[in-house]
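Okay, everyone, thanks for making time. Let me put the structure up and we'll walk through it together.

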Amino acid sequence: MIAEAGLIALWLAAGLALLQFALGAVGVRFGREDYYAAIRPVAVAQGALVAISFLLLIVLFLRSDMSVALVVKNSASVKPLLYKFAGTWGNHEGSMLLWVTVMGMAGACIALFERSLKVKTLVTTLAAQAFISLGFYAFLLVSSNPFERMFPVPPDGQGLNPLLQDPGLAFHPPTLYFGYVGLSVAFSFAVGAMITSDVGPAFARAMRPWVLGAWIFLTLGITAGSYWAYYELGWGGWWFWDPVENASLMPWLAATALLHSVTVLATRDGLRAWTVMLAVVAFSMSMIGTFLVRSGILTSVHAFAVDPERGSFILALLAIYIGGAMALFALRVGTVKEGTRFELVSREGALVANNLLLSAILGIVFVGTLYPLVVEALTNEKLSVGPPYFNLASGPVALILVAIMAVGPLLRWRRDSAKTLLNRISIPIVITAGALFLLVLLTTSMSVLSLLGMALAAGIAVASLAPLWKRNLRRTPLHTYGMVIAHFGIAVALVGMASESSFTEERLVAAKPGDEITLNKWKLKFEAIEPVAGPNWTALEARMTVQYENGNITEIAPQNRMFASAQTQTSEAALLTRWNGQLYVVLGDGDAEGRWQIRTWWKPFVTLIWYGGILVALGGTLALVGRLRRKYLQRKQKEYAELVL
Amino acid sequence: MRRWVLWLPLGLFALFFVAVAVGLMTPKDNIIESKMIGKPMPAFSLPAAIEQRPGLSSNDLVDGKPKLLNIFASWCVPCIAEAPQLLELQQAGAEIHAIASRDTPGDIANFLNRWGNPYSRIGSDATSSVQLELGSSGVPETFVINGKGIIVHQHIGDIRKENVPELLKMLKEAE
């Protein structure tokens, strides 16, 4: 009965979403303020019901209930518990249910905690949120029912795509989904504010925590996804410009721009129309990303979630939501008054430059991702746009962007002088120039892009700490620390990227057990090849001992895995991390003479890429906590003042 | 701000929508066509890989009956995965020849004893030279060849359950 209970909860939640939309729409349209009070409890109940529905699906997976079609297709009773759990959302229906669950719960949070926004704008926002949810409820209930039963009941399930059987999967997609859905809240806020013509600092402050939260999750999700692809695909790369990766990068780029423009709106009441547009674009990119992944319209290494019919459904939802919001923008944004003006050399000026450059990169990635699709539609020819285009086109723009990132925080709001600015950034400029000089002198293999990246990173690392210079560190607000850490994280990641692309060494050898391989300062000894077995896979494992210079001898064991239930092979790379880089070993095929293909890489400082990503997310978290605490304290103060009066 | 600028985002989205909708409507196949499709088999003659089965030459493929040509190796794990499907194809009446890539008689015999032998002829391609001439770069791969020795289809990677009916249909159509 669990499956039926889940389905009933889902229908009830969908019904409440309809009610929530109707209450908001009728209330705002006809000025029925008595409806306003009802919308909050409805939003909370909707969130609770959809959460129950999702929890029940998790229970079905954990119990391996093979009378449910979804469990049969995506799980097996021999699967480890963690992957039964993760299997809940490692498939189309489950992930869509997760999506509406997070949306419903976000709506409930707005209803419970948002107090500073005008009531009318809040009600419109909740109605917009319900309207988006309705599309996904319809999608689930009409064409992707996760609770469908199966007759006759099969003895066991078919397992899960082995590439996805990895601790990374348990947390990677939900993290991205939290990000996507957080942006849906920003989208709803934008729609609400456009309808009520209430675009101003209060709106920006209400929207900001959601944008920050979504952006933190996206940052973590992309960082984790990059590391997952790095060790699971066994190709030694950390970013492939694959359509699925781009699908998560595009919302991040838009959210990063939004994060900065919303600050201008909150602090200086500028960039009104632009911020609203970015909020719409950020969620549009999330939906387009989901569509590209789910529809299988682009061929990709990640193509494990492909279904053209469902693609059409999502495309229809895209047309309604994105098209609708953009039409609303064209019609309504004229009613939004122009915000405060500012000089070119100012904090606002730097943030506008940040926004324009981020938008340019977004455009480059968007065009590159969709170009093969357009060409195929027009000429029926298949082609793929590879890393050369993306790196060449976005690299230089990204470098200018990070240079401005170093300067922006050192500028004053409204107006500043170029002369004092030069004074403030003289030290980072000297450091960048010095680093560039040293790199040109000492290295031979660096490309221009990595050379500039590495040199800039040195300057930025210093410049990013500059906002703390000569300040009382105890009285510096938490969100300033957040910004400093996030910007510093970008510098750290940049060093990792430049180092990986310039200094990686690779060797591909055919070796017999007993052979030795040398790579940079590493000595690898191929000891033996052995079969091993896991809970639902068997593998050939190469046992090797490795030694760096004259250090300790360590054992590593790259594998070639065969999964019993899906008859698929995956390569499990062996990684050995040192403070100065990572050794990466992949076991390939063997040949008739008993030799095995062994591919080895030494990647100096490659881990900085992901440490940088984590720092960026940490900075975001500090900023979020700082903002929320300040908001809370201000509310308490206001309540206290009212009490005293 | 000019009024038309405000409509620009909607216009761009409309363009995206049209491109994607067209892409979604056109049926597409994700199979990468080999350059060898429609061409005759290159001439070759390979010695027998094991005692129990004769070797394979290009003349064996022009006797008028469509066949499958499977390239495999005992050291290849996906070849184990596709073994049941090959047996299924053979039981459904398909004639299957094989080229064993970079292998030894002992290993091949072990492999076939353990996973079944669906092949009527097995040529030993110790240096992968015939495999390369066929335009195949890895194992396993399976070619559908019509009775005149023309390559009709190339299947890259292991044969899954869902590929079995497709291959049987192609064999029938090649008659």
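**Helix pairs in chain A, then the build of chain B**

So let's start with helix α1 of chain A, residues 2–29, and helix α6 of chain A, residues 119–143: their axes come within 8 Å and cross at roughly 145°. Just so you know, this is a predicted model. The α1(A)–α6(A) crossing is left-handed. On the α1(A) side you'll find, among others, Leu10(A), Trp11(A) and Phe21(A), and they're facing a set in α6(A) including Val123(A), Phe131(A) and Tyr137(A). Sort that contact by class and you get 17 nonpolar, five polar and one charged.

Next pair, still in chain A: α8, residues 201–232, against α18, residues 608–644. Here the angle is about 165° and the axes sit 9 Å apart. That's over 145, so we call α8(A) and α18(A) roughly antiparallel. This one is a left-handed crossing too. Contact residues include Trp215(A), Ile216(A) and Tyr227(A) from α8(A), with Trp610(A), Ile614(A) and Leu624(A) among those from α18(A). The class count for this contact is 13 nonpolar, seven polar and two charged.

Okay, over to chain B. It has five helices and seven strands, running α-β-β-β-α-β-α-β-α-β-β-α along the sequence. So how spread out is chain B? Its radius of gyration is 22 Å, well over the 16 Å from the globule rule for 175 residues, so chain B is more spread out than a compact globule. The box around its C-alpha atoms is roughly 85 × 30 × 30 Å along the principal axes. As for burial, 39% of the 175 residues are buried.

Definitions and conventions:
Residues are numbered from 1 along each chain as its sequence is written. Chains are lettered from A and ligands numbered from 1 in the order in which they are written. This is a predicted model: local features need pLDDT of at least 70, side-chain atom pairs count only at pLDDT 80 or more; totals for chains, interfaces and linings use all residues. Axes are lines fitted to C-alpha atoms, for helices over the stretch in contact, and angles run from 0 to 180 degrees between N-to-C directions. Helices (H or I, at least four residues) and strands (E, at least two) are DSSP runs, numbered from the N terminus. Angles under 35 degrees count as roughly parallel, over 145 as roughly antiparallel, 65 to 115 as roughly perpendicular and the rest as oblique. A crossing is left-handed if the near helix is turned anticlockwise from the far one by less than a right angle, and right-handed if clockwise. Two residues are in contact if their C-beta atoms, placed from the backbone, lie within 7 Å. Ala, Val, Leu, Ile, Met, Phe, Trp, Tyr, Cys and Pro count as nonpolar, Asp, Glu, Lys and Arg as charged, and the others, Gly among them, as polar. The radius of gyration is taken over C-alpha atoms; the globule rule is 2.2 Å times the number of residues to the power 0.38. A residue is buried if 20 or more other C-beta atoms lie within 10 Å of its own, exposed if 12 or fewer, and partly exposed in between; C-beta atoms are placed from the backbone.
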